[in-house]
Amino acid sequence: MSKLPAVFLLLLASLSCAGPTPARAATAATPEAAPAPPDEVPAQDYPGTVQLSVDATDIARRLYQVRQRLPVKAGPLKLWYPQWIPGNHAATGPINQFAGLVLSAAGRRLPWRRDPLDVYAFLLDVPDGVSMLDIEFQSLSPTADDQGRVAMTTELLSVQWSRLLLYPAGHDARRIRFEPSLRLPQGWGHGTALRTRETTEDGLVRFEPLALVDLVDSPVYAGRHFKRFVLDGNPRSPVHLNVVADAPELLEAKPEILEAHRALVVQADRLYGNRPFAHYDFLLALSDQFSGIGLEHLQSSENGTFPGYLTGKAPFTDNYLLPHEYAHSWNGKSVRPASLWTPHYNTPMQNDLLWVYEGQTEFWAWVLATRAGLYTAEQSREVLAATAATFEHRAGRRWRNLQDTVYQGIIDFNDAPAAWQDWQRGYDFYDEGVLLWLDVDSRLRELSGGRRSLDAFARGFLGGQAGKGEVRRYDVGDVVQALDRVQAHDWAGYLRERVEGHGAQAPLQGLARSGWRLVYSEVPNAAIADAESDGGFADYRYSLGLKVAADGKISEVLWESPAHAAGIARDMQLVAVDGMAYNAERMNRALAASRSHPAPLQLLVRQGDAYRTLQVPYHGGLRHPHLERLPGSPDRLTQLLAPMK
Ligand SMILES: [Zn+2]
């Protein structure tokens, strides 16, 4: 999965890291103990094939009508609605959008009840003589994003099969066979990695039968405005970009943008050395209505981003999205932490190695985006500077180590905003993961005298799987051994220190070893400016320690920043700066003048019905992060980001 819109999460941060001496986690042989094995399931095929028919034509009411025919035998039966969806890293199956369940056999309705200990489970008794169960229900797609992810609009929709089926409990998802069909609004196009058996003129698509695990891994994107681009036409493993959009003109891709996506495929080939899939379909939704998404699959990925993505009218910071999901085909789908692998969707997944699964994917997304030309070298460094500044100011690192952040999705799956997000920390295993793996890359380059790098780990460990078969599972010991094969070193201790440590110091050693340092100036950072203009806020996190929406509402305050020390909290209204009504221009002027101005800034804030004037003794000027070359050091960063030949 991709972290939610990069423009928000790229830029989470806090000011001031001064604090107690770093504590060190208790030592262990490896960064995390080996996980318990998942539930046992019988090594037998489920008898028969489940017929699944989804009608997605009710786009006005935004609902999917589901009908299933499930072979059964008489006796007690438990049906599961999928709960732990791969790539979600939390129990996010939208059971709250499930409605209208009717179970019947031969036209006779059968009573059901919910398992009191598991709300995702439906219990029934199959009467004697019944061998086929008819199941009907609806999946109600949110009509607005305050209800959840909007997946169906009047112009386009996504079909995530895990939302649209029940399956018999206790069986291996690789051993339950499904035969799916999908009815789409007439005239709509669609993209998917599924193999089509038949398409009729009235919009019915019948797909080839396949295992439940592959069905759940093969969504469909459909739309009134649809276009399919060839990224690599090689028939042995073709790669396509399938796009649905709010309007037809959004499909008129700029040639250089398409070329960069083709280069992404080439650069991934050169990095990993093979493809773990027989064919690959990027599914891309360009929409203001459809909720943003990034979700990985082995042979496809779900990507929802800005409408102007292909026409060059979108923030460049989101250009890491498709590289991220593509990199997951290797890191996550064909090679996966053993603790994250489960035999079905209703047993908890363990997130302990997400700093590899997501952290290294985020690292490769940034690298591949640059090598492919989706970022210029300058943009790439600005993105890295923004990430580095975030973690230079991450006060929450003192109490919460990187390892603990992997549980954020479970803690936070309803996406409620955090009052103090830099202190609480969020999905830091993504972005701190970039700094972690940059650190490892630069260390490999240093130790090997420039002969080896994390490229060799990617090729040996992530690309080593021939693919098209079983998921290869690993634990942290395997990661350590694979790094050791690239370059002998105490990688267990090295990773433990970085993953389990509580240092107040930012994890910027890899940046320095790559020949660059983080500096601040009055010149805006391009990645942050991109996010500001898209999000309609002004970012003063590295000066005063806050972000302010255009209307003056404070959307973030960094822990132990000047703003925090002055008593400012999120959701206060910033009414005036030095006696004048707040706007970003006045604030910029006041901050720029603060260096030579001996008086404190005066901020008038409103919280509820109470007004207060706060004195903020800040004299640091405007501060925006950038990278600067460390004179005389080898430029390993430029080597890392250069396209592979
Ligand atoms: Zn991801």
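I started with the contacts of Tyr 81 (heavy atoms within 4.5 Å). Not counting residues up to four places away in sequence, Tyr 81 touches Gly 93, Pro 94, Ile 95, Phe 98, Tyr 120, Phe 122, Phe 137, Ser 162, Arg 163, Leu 165, Leu 166 and Asn 346.

Caveats for myself: this is a predicted model, where local features need pLDDT of at least 70, side-chain atom pairs count only at pLDDT 80 or more, and totals for chains, interfaces and linings use all residues. Numbering runs from 1 along each chain as its sequence is written, and side-chain values use heavy atoms, with hydrogens and water left out.

Next I checked where Tyr 81 sits: in the loop between strand S3 (75–80) and strand S4 (98–105); strands are DSSP runs of E, at least two residues, and helices are runs of H or I, at least four, numbered from the N terminus. Its relative accessible area is 0%, so Tyr 81 is buried (under 20%, 1.4 Å probe, protein chains only). I also found its side chain 2.9 Å from the backbone oxygen of Arg 163.

Met 1, in the segment before helix H1 (6–9), and His 328, in the loop between helix H4 (321–327) and strand S22 (335–337), are 327 residues apart. I noted His 328 as buried too, at 0% relative accessibility.

Conventions. Buried means under 20% relative accessible area, exposed over 50%, partly exposed in between (1.4 Å probe, protein chains only). A polar contact is a pair of N or O atoms within 3.5 Å; within protein, one must be able to donate a hydrogen and the other to accept it, and residues adjacent in sequence count only if both atoms are side-chain atoms.
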